[in-house]
Amino acid sequence: MAKLSTIALFDVDGTLTVPRNAADPATLSFLQELRKFVKVGIVGGSDLVKIQEQLGQKASSEYDYCFSENGLVAHQEAYDEKAGVRKAFVEVLKREFADLPLCYSIGGQISFDVFPKGWDKTYCLRFLDDKFKTIHFFGDKTFQGGNDYEIYESPRTIGHAVTSPFDTISQCRKLFMEPSDIA
Ligand SMILES: [Mg+2]
């Protein structure tokens, strides 16, 4: 039975892919299968271009949420259209100020925000907080100083440390896809 109040968030590098490589087609089809059970979101540290290289060109529309640059840029399915103008504007700013350590994020209905780089993945939780009762997070760098540490430790998430895409899939199968109530 689909639990719509639950979302599973995934880091990309080392969690869904071998670091800096493209994801295995089997991992991608697993994620689509998982979407029948829970909502699925991607929270990558890289920009959307890199995430698309790793997860496919349609990465921002194939998942319920796709957060690039540690959640500072949100690409939500069916949200992109509305945000088109701001997206274009943000792209121009990124290009013009490429040498400054800044990140840009589309926020609210009419605004976008500029942040210093280094904001961590917990940033994306603000997009999910009022929508999901349970937020799971899967990442490979969940140790202190790792780029998954803050979101893994966040009281708002149930954190899962993984060692490889294979481990991610196996943990997800157990958690979300196997019947848990034994009569
Ligand atoms: Mg990682």
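Trainee: In what order do the elements of the protein chain run from the N terminus on?
Mentor: This is a predicted model: local features need pLDDT of at least 70, side-chain atom pairs count only at pLDDT 80 or more, and totals for chains, interfaces and linings use all residues. Residues are numbered from 1 along each chain as its sequence is written. Helices (H or I, at least four residues) and strands (E, at least two) are DSSP runs, numbered from the N terminus. The order is β-α-β-α-α-β-β-α-β-β-β-α-β-α.

Trainee: How many helices and strands does the secondary structure come to?
Mentor: Take the DSSP runs of the protein chain. They come to six helices and eight strands.

Trainee: What percentage of the residues in the protein chain is buried?
Mentor: A residue is buried if 20 or more other C-beta atoms, placed from the backbone, lie within 10 Å of its own; it is exposed if 12 or fewer do, and partly exposed in between. Of the 183 residues in the protein chain, the buried ones make up 37%.

Trainee: Is D13 buried or exposed?
Mentor: D13 lies in the loop between β1 (6–10) and α1 (25–34). UniProt, in an unreviewed entry, lists D13 under "binding site" along with D11, D140, Y152 and T157; such annotations may be inferred rather than shown by experiment. D13 has 21 C-beta neighbours inside 10 Å, so D13 counts as buried.

Trainee: Which residues does D13 touch, leaving out those up to four places away in sequence?
Mentor: Two residues are in contact if their C-beta atoms, placed from the backbone, lie within 7 Å. By that rule D13 touches P19, R20 and G45.

Trainee: How far apart in space are R20 and I51, C-alpha to C-alpha?
Mentor: In sequence, R20 and I51 are 31 residues apart. In space, the C-alpha to C-alpha distance is 9.7 Å.

Trainee: I51 is in α2; within what arc do the buried residues of α2 fall?
Mentor: Helix α2 (residues 48–55) has I51, Q54 and L55 buried. Look down the axis and take the directions from it to the C-beta atoms. The buried residues line one face of α2 because they fall within an arc of 80°.

Trainee: Which elements are among those covering the buried residues of α2?
Mentor: Just after α2, G56 takes a positive phi of about 105°. The cover on the buried residues of α2 includes α1, β2 (39–43), α3 (59–62) and β3 (65–68).

Trainee: Are α1 and α6 roughly parallel or roughly perpendicular?
Mentor: Axes are lines fitted to C-alpha atoms, for helices over the stretch in contact, and angles between N-to-C directions run from 0 to 180 degrees. The axes of α1 and α6 (residues 165–177) come within 11 Å and cross at roughly 20°. Angles under 35 degrees count as roughly parallel, over 145 as roughly antiparallel, 65 to 115 as roughly perpendicular and the rest as oblique. So α1 and α6 are roughly parallel.

Trainee: Which residues of α6 meet α1?
Mentor: From α1, T27, F30 and L34 take part. In α6 they meet P165, I169, C172 and F176.
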